[in-house]
Amino acid sequence: MLQAIVIVVLGLLSASAHAGGFAITEHGGRGLGSAWAGEAALAEDARTIYFNPAGMTLLRGTQIVGGMDGIRTSGTFENEGSHVNRAAGGGPLRGNDGGDGGALGSIPSLYISHQLLDRVWIGLGVDAPFGLRTDWDPGWVGRYNAVVSDLKSVNVNPSIAVRLLDTLSFGAGFNAQYAHVKLTNFLDLGTLCVVQQGFPLATCEGLGLGPQKADAFVKLVGNSWGYGWNVGTLWEPRPGTHLGLTYRSRIQHELTGDADFTVPAKAKPLIKPTGQLRDTGAVAPVEFPDSASFAAFQQVTRRLAVMADVTWTHWDRFTSLAVNFDNPKQTDFDAVEDWRNTFRVALGARFDLDDRWSLRAGFAWDQTTVTSPANRDPRIPDSDRYWLAFGAGYQLTPSMRVDAGYAHIFLPNASTRNRDAVSGNVLRGEFSSQADLIGMQATLTFD
């Protein structure tokens, strides 16, 4: 059953990260309209299983929520002096600026909650909490750093909630998480001839292996299952006021798969004696971070409500992107990331026009994980993110509601001086990015 769920969701999923790092915030159309502000305290539908499972105690009967988010990211690069490793001559890197490195993606989600007993609720959530996709032109100046980067995840989250007191609830969940990754880039064999094999530059040039004159290509593909947990509390100090506190554990993945190398014929006599650049198995350990959120919801008038939250994410455990090869002669890959912990702050409002129509708006600031231009990797050219969002919902029948939301994400231009982890060539320039999101969801409630 679990495997079937994952296959279905992966068939629909094409994710692009646009929360901090490679996290994904988008889980349907209702919350998107208010930039996901206050979700750990709102508990308006079964989507609370992800944000705070304790919120299920505010739901009646059985509820099913299905959603789909569409994402369009755009990313461009302006070259500002990218160059070959100084040890191999330091000449300028040739190539274009990469075109649009963004992508078009979709993120499905499904949540089901059910009141089992007078004070006990159970639920199941299926969503994609992490993902990214960047796709640069194969002929760009940063081809030795990255071409395609594609991460998909599916999280299956059975949960339980208990109303401990009339004003206090507790919830907990178990997370079974599948991750799949694909990474590609080129290898500058001319530079490697100098910096790894130790040949003089003139010798490498004489073999036709000068810097940028012979490129190999590597594709890394791997997948993994990881497991974690989440807990949350919801307090209602007075009618119309909700306070939520929630925590999601980190999940350790050991992405296991294959590394496939494509090597030009003229380079094979040089690399054959070394035993390197041969197809081999590979393992990449990656830790998906833990996070904690505090949220508040306040019903101001009969028609107006406001909400806010702050979320902390433990990104500083992501110190490097490492790949360990089964081939003992192949040099392991280790790109320094050195990320920092981040905060996300969101404010939102909901206005009910009448018993059927509601409008939403929200703003959020999402702090970048990147600590310096040297660590701004073109696989994830992260910078601070500013959300502007709005949306609307309509109660079609007493048991069915539809919601839609839109958000635009502004990202300030961000510079990079990123050194590729194999040859040491340096990508220098500035990234410019933005994203547009649209989400829809349907909510069915059965008493």
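Reader: Does Arg-360 count as buried or exposed, and why?

Author: Arg-360 counts as buried because its relative accessibility is 6%. Buried means under 20% relative accessible area, exposed means over 50%, and partly exposed lies in between, with a 1.4 Å probe and protein chains only. Before we go on, note that this is a predicted model: local features need pLDDT of at least 70, side-chain atom pairs count only at pLDDT 80 or more, and totals for chains, interfaces and linings use all residues. Residues are numbered from 1 along each chain as its sequence is written, and side-chain values use heavy atoms, with hydrogens and water left out.

Reader: Thanks! Which residue forms a salt bridge with Arg-360?

Author: Let me start with the general idea. Side chains of opposite charge can pair when their charged atoms come close. The rule here asks for a side-chain nitrogen of Lys or Arg within 4 Å of a carboxyl oxygen of Asp or Glu. In this structure, the partner of Arg-360 is Glu-44, and their closest N and O atoms are 2.4 Å apart. This pair links distant parts of the chain: Arg-360 sits in strand β16 (residues 357-366), Glu-44 sits in the loop between α3 (39-42) and α4 (48-51), and 316 residues separate them. Helices (H or I, at least four residues) and strands (E, at least two) are DSSP runs, numbered from the N terminus. Glu-44 is partly exposed, because its relative accessible area is 25%.

Reader: Which residues are linked with Arg-360 and Glu-44 in a network of salt bridges?

Author: The network also takes in Arg-30, Glu-39, Asp-45, Arg-350 and Asp-352. In the model, the count comes to 20 salt bridges.

Reader: Which residues gather in a patch of positive charge on the surface?

Author: First, how a patch is made: its residues have over 30% relative accessible area and no salt bridge, with like charges joined within 9 Å and nonpolar side chains (Val, Leu, Ile, Met, Phe, Trp, Tyr) joined within 5 Å. Lys and Arg count as positive, Asp and Glu as negative, while His and the chain ends are not counted. The positive patch here gathers Arg-86, Arg-417, Arg-419 and Arg-428. Arg-417 lies in strand β18 (residues 400-419) and counts as partly exposed, at 40% relative accessibility.

Reader: And which residues form the negative surface patch?

Author: Asp-258, Asp-260, Asp-279 and Asp-326 form that patch. You will find Asp-279 in the loop between α7 (268-271) and β10 (280-288). Asp-279 counts as exposed because its relative accessibility is 53%.

Reader: What about a nonpolar patch on the surface: which residues form it?

Author: Look at Leu-245, Phe-294, Val-310, Phe-343 and Val-345, which together have about 410 Å² of accessible area. Such areas come from the Shrake-Rupley method with a 1.4 Å probe. Val-345 is in strand β15 (residues 342-352) and counts as partly exposed, at 34%.

Reader: I read about phi angles. Which phi does Ala-35 have?

Author: Most residues other than glycine have a negative phi. Ala-35 has a positive phi of about 60° although it is not a glycine. Its place is the loop between α2 (29-32) and α3, and Ala-35 is buried, with a relative accessible area of 0%. Gln-212 also has a positive phi, of about 70°. Gln-212 is found in the loop between α6 (201-206) and β7, and is buried at 10%.

Reader: One last thing: how far apart in space are Leu-427 and Asn-79?

Author: Their C-alpha atoms are 7.9 Å apart, while in sequence Leu-427 and Asn-79 are 348 residues apart. Leu-427 sits in strand β19 (residues 426-446) and counts as buried, at 0% relative accessibility.

How values were computed. The place of a charge is taken as NZ of Lys, CZ of Arg, CG of Asp or CD of Glu.
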